Amino acid sequence: MDPVRARDPEALAEFYDRNAGNVREYCALICPEQFVDEATFVAFRDFLARMVDADGEDDLDELLWKATRGAAAGRAEVGGEDGAHGGAATATCLAMPELLAAYVSGELP
């Protein structure tokens, strides 16, 4: 069995170290700054939960990507006071394709 799937602490730490920067970077694109750390944490927590439900053939990177997308989209700021004048609206526009993709894949209600 794969050491990450077996929840070997060293393998999990290595997997986290290898992926944490990308997860955080993605969350920073989608989430308001105050939620980036929370979204990053939740992405890895949800990844572990998805791993329990997955069969042994599921790609671990894909499971992490789905968990990351869901965690970030769930903390995305939709709308905002700035409206069409930039700021929050710009962040919302950048997040929309990811929010829609997460919705279509069933990751968001």
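**Cysteines and their surroundings**

Mentor: If a disulfide is taken as a pair of cysteine sulfur atoms within 2.5 Å, the count here comes to zero disulfides. Cys27 is in no disulfide, and its nearest cysteine sulfur, which belongs to Cys31, lies 5.0 Å away; Cys31 likewise is in none, with the sulfur of Cys27 as its nearest at 5.0 Å. Please keep in mind that this is a predicted model, in which local features need pLDDT of at least 70 and side-chain atom pairs count only at pLDDT 80 or more, while totals for chains, interfaces and linings use all residues. Residues are numbered from 1 along each chain as its sequence is written, and side-chain values use heavy atoms, with hydrogens and water left out.

Cys27 has a relative accessibility of 0% and therefore counts as buried (under 20% relative accessible area, with exposed meaning over 50% and partly exposed in between, for a 1.4 Å probe and protein chains only). Cys31, at 7%, counts as buried too.

Cys27 is also among the residues with the most contacts inside the largest nonpolar core, a group of 24 residues in which Val4, Phe15, Phe47 and Leu60 share that standing. Such a core is a set of buried Ala, Val, Leu, Ile, Met, Phe, Trp, Tyr and Cys residues joined through side-chain atoms within 4.5 Å. Helices α1 (9–30), α2 (36–53) and α3 each supply at least two of its residues; helices here are DSSP runs of H or I with at least four residues, numbered from the N terminus. Phe15, neighbours within four places in sequence aside, is in contact (heavy atoms within 4.5 Å) with Val4, Phe44, Phe47, Leu60, Asp61 and Leu64.

Cys31 leads us to Arg75, which touches Cys31, Pro32, Phe35, Glu38, Ala39 and Val42, not counting residues up to four places away. The side chains of Arg75 and Glu38 meet in a salt bridge, 3.1 Å from N to O, the term meaning a side-chain nitrogen of Lys or Arg within 4 Å of a carboxyl oxygen of Asp or Glu. Because Glu38 lies in helix α2 and Arg75 in the loop between α3 and α4, the pair ties together parts that are 37 residues apart in sequence. Glu38 is partly exposed, with a relative accessible area of 38%.

Arg24 forms a salt bridge with Asp37, the closest N and O atoms being 2.7 Å apart, and this pair links helix α1 to helix α2 across 13 residues.
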